[in-house]
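Me: I would like to go through a structure term by term. Please set each value against its cut-off.

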Amino acid sequence: MSGFSEWVKNQLELRPYGDIQDAARALKIRPSELSRWLASKRPPTQDTMRVASRVFDVPILEILIAAEYLTVEEAGLDPRSSTTATLSTPELSRPGAD
């Protein structure tokens with residue numbers, strides 16, 4: 001599973017959705033699009049990251065880090081800050097994230 005798909009899974013677990021269809025409806029995207037995000041075999045496109053930023057109401061920087069386009073260090077963030085609070089432990093413990 002890619003960093004992005006793991007991040008999406010984590011985002012869904014933080015919310016009270018019953019299934020993928022329910023989540024997709026609530027997020028105002030097609031279930032097939034959400035399924036593709038969860039089964040991601042390649043990094044997300046710019047458009048996908050923009051949509052994810054909007055539907056999950058998170059900064060695009062968080063998605064760039066989750067998708068492994070940037071590390072926390074490269075983004076100039078403190079792993080203990082509130083900006084990175086929604087990132088998972090594996091995302092924050094990647095090389096360069098200390």
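Me: What should I know about the model before we start?
Reply: This is a predicted model, so local features need pLDDT of at least 70 and side-chain atom pairs count only at pLDDT 80 or more, while totals for chains, interfaces and linings use all residues. Residues are numbered from 1 along each chain as its sequence is written, and side-chain values use heavy atoms, with hydrogens and water left out.

Me: What is the average pLDDT of the protein chain?
Reply: pLDDT is the predictor's confidence in each residue, from 0 to 100. The protein chain averages 80, and 79% of the residues score at least 70.

Me: Why is Ser-5 called buried?
Reply: Buried means under 20% relative accessible area, exposed over 50%, and partly exposed in between (1.4 Å probe, protein chains only). Ser-5 has 0% relative accessibility, so Ser-5 counts as buried. Ser-5 sits in helix α1. Leaving aside neighbours within four places in sequence, Ser-5 touches Trp-37, Leu-38 and Ser-40.

Me: Why is Ala-67 called buried?
Reply: Ala-67 has a relative accessible area of 10%, so Ala-67 is buried. Ala-67 is found in the loop between α5 and α6 (72-75). Leaving aside neighbours within four places in sequence, Ala-67 is in contact with Phe-4, Pro-44 and Met-49. Ala-67 and Ser-5 are 62 residues apart in sequence, and 8.1 Å apart in space, C-alpha to C-alpha.

Me: How many aromatic pairs are there?
Reply: Rings of Phe, Tyr and Trp (its six-membered ring) pair if their centres lie within 6.5 Å. Planes under 30 degrees apart count as stacked, over 60 as edge-to-face, and the rest as tilted. By this rule the count is four aromatic pairs.

Me: What makes the pair of Trp-7 and Phe-56 edge-to-face?
Reply: The ring centres of Trp-7 and Phe-56 are 5.4 Å apart and the planes are at 85°, so the pair is edge-to-face. The pair links distant parts of the chain: Trp-7 is in helix α1, Phe-56 is in helix α4, and they are 49 residues apart. Both Trp-7 and Phe-56 are buried.

Me: What kind of aromatic pair do Trp-37 and Phe-56 form?
Reply: The pair of Trp-37 and Phe-56 is tilted, with 6.3 Å centre to centre and 50° between the planes. Trp-37 lies in helix α3 and Phe-56 in helix α4, so the pair ties together parts 19 residues apart in sequence.

Me: How do you know that Trp-37 and Phe-56 count as buried?
Reply: Trp-37 has 4% relative accessibility, so Trp-37 counts as buried. Phe-56 has 2%, so Phe-56 counts as buried too. Phe-4, Trp-7, Trp-37 and Phe-56 form one aromatic cluster.

Me: Which residues of helix α4 are buried, and what covers them?
Reply: In helix α4 (residues 46-56), Thr-48, Met-49, Ala-52, Ser-53, Val-55 and Phe-56 are buried. Their cover includes α1 (3-13), α2 (20-27), α3 and α5 (60-66).

Me: Why is Asp-57 called exposed?
Reply: Asp-57 has 71% relative accessibility, so Asp-57 counts as exposed. Asp-57 lies in the loop between α4 and α5. Asp-57 has a positive phi of about 55° although it is not a glycine. Most residues other than glycine have a negative phi.

Me: Why is Lys-28 called exposed?
Reply: Lys-28 has 71% relative accessibility, so Lys-28 counts as exposed. Lys-28 is found in the loop between α2 and α3. Lys-28 has a positive phi of about 60°, although it is not a glycine.

Methods
Helices (H or I, at least four residues) and strands (E, at least two) are DSSP runs, numbered from the N terminus. Contact means heavy atoms within 4.5 Å.
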